[in-house]
Amino acid sequence: MTDDDPRRAAYRLYADQLREAIRGGTYAPGSKLPTDAELAAELGTNRGTVGQALRVLEAEGLVSKSRRGTFVSAIVNKIYRDSTSRYNRSKRETGQARGAFAAELRALGMTPKNTTAVNRAAPPRWVAEILGVAPENVSTVARARHMLADDVPVQLATSYFPLDIAEGTRLEELDTGPGGSKSRLAELGHAQATVTEEIDVRSPSQEEAEALGMAEDQRVYQITHTARTKDGRAVEVAVHVMPTHLWRLAYTWDLSPEH
């Protein structure tokens, strides 16, 4: 179906035009849009159609409505997550960054922030099974982070480490130092050699929606990250919850000739 296809609803065509104008800089991030009536006059349509178009963009996370009007979101271009190279030590530690998230945000010209809570915890059963620890006991160190880019909430992440590795180390401190937890694990003799990431797309919980400033009918990526040492031991399970409208995920593989 093309833009000229009569079967395509008119409001979607106007949503396309407004989306292009927002991402092209006609309406700056954080700015207030013209009223529905003013946009209708600009686009040559009616207020009802404009309202429908704006609801499409609101569902995509490009605009938000309040009593004061309709505003362009603070982040209109998706954050690029290079899932292949982000865990390389040189990338994680660039500019004394505290891990992959901080390094990749700075590379994009954005300011990373996060609040972190650290505690010893009994992990969810499925996490315990991966780490080979007891789910009924306090057997992990859990690091829960609320992560922001330019003061916009963009990610929730909780990492679990086996208590016998993390207990009494810098992994229990709020600031794990340059390179983050992965660099500290390497220093402890548990360097991560292989990583598996499983990705699911789902609705956020009410708590997640509130923390990320999103509607419950929007979607999040849930990335379950499992890291193992060269001898196969799982030393970290991290659960990342990220609004799909804010993130673009990239993965690259080198294939040998026989593949």
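A contact means heavy atoms within 4.5 Å. Among contacts in the protein chain between residues at least 6 apart in sequence, 59% join residues at least 24 apart. The model is predicted, so local features need pLDDT of at least 70 and side-chain atom pairs count only at pLDDT 80 or more, while totals for chains, interfaces and linings use all residues. Residues are numbered from 1 along each chain as its sequence is written, and side-chain values use heavy atoms, with hydrogens and water left out.

**The whole chain**

The secondary structure comes to nine helices and 10 strands; helices (H or I, at least four residues) and strands (E, at least two) are DSSP runs, numbered from the N terminus. Of the 259 residues in the protein chain, 44% are buried. Here, buried means under 20% relative accessible area, exposed means over 50%, and partly exposed lies in between (1.4 Å probe, protein chains only).

Next, colour residues 10–72 as domain 1 and residues 79–250 as domain 2. These bounds come from an automatic or database domain assignment. The centres of domain 1 and domain 2, taken over C-alpha atoms, are separated by 35 Å.

**The nonpolar cores**

Select Leu18, Ile22, Tyr27 and Leu57, the residues with the most contacts inside the largest nonpolar core, which has 19 residues. A nonpolar core is a set of buried Ala, Val, Leu, Ile, Met, Phe, Trp, Tyr and Cys residues joined through side-chain atoms within 4.5 Å. Helix H1 (10–23), helix H2 (36–43) and helix H3 (47–59) each supply at least two residues of this core. The largest share of the core, six residues, comes from H1. In soluble globular proteins, nonpolar side chains tend to be buried together.

Which residues does Leu57 touch, not counting residues up to four places away in sequence? They are Ala15, Leu18, Arg19, Ile22, Leu62 and Val63. A second, separate core of 15 residues includes Leu105, Ala149, Met242 and Trp247.

Return to H1 and select Leu13, which is placed in that helix. Leu13 counts as partly exposed because its relative accessibility is 23%.

Move to helix H5 (residues 100–107), where six of the eight residues are buried. The buried residues are Ala100, Phe101, Ala102, Ala103, Glu104 and Leu105. H5 is followed by Gly109, whose phi is positive, near 80 degrees.

Then select helix H8 (residues 180–187). This helix is largely enclosed by the rest of the structure, because six of its eight residues are buried. Those residues are Gly180, Ser181, Lys182, Ser183, Arg184 and Leu185. Gly189 follows H8 and has a positive phi, near 90 degrees.

Select Thr140, which is placed in strand S5. Is Thr140 buried or exposed? It counts as buried because its relative accessibility is 0%. Asp150 has a positive phi of about 50 degrees although it is not a glycine. With a relative accessible area of 38%, Asp150 is partly exposed. Asp151 lies in the loop between S5 and S6 as well, and its phi is positive, near 70 degrees, in a residue other than glycine. Most residues other than glycine have a negative phi, and most peptide bonds are trans.

**The cavity**

For the last stop, select Arg23, Glu60, Gly61, Leu62, Ile75, Val76, Lys78 and His245, which line the largest cavity. On a 1 Å grid over the protein atoms alone, a cavity is a set of points where a 1.4 Å probe fits but cannot get out, and lining residues have an atom within 4 Å of a point. A search of the whole structure finds one cavity of 30 Å³ or more. About 30 Å³ of space lies in the largest cavity, where grid points are joined across faces, edges and corners, and a volume is the space filled by probe spheres set on the points.

The lining divides into three nonpolar, two polar and three charged residues. Ala, Val, Leu, Ile, Met, Phe, Trp, Tyr, Cys and Pro count as nonpolar, Asp, Glu, Lys and Arg as charged, and the others, Gly among them, as polar.

Notes: 1 Å grid on protein atoms, 1.4 Å probe; cavity = no way out; pocket = protein on both sides within 12 Å on 5 of 7 lines; lining within 4 Å.
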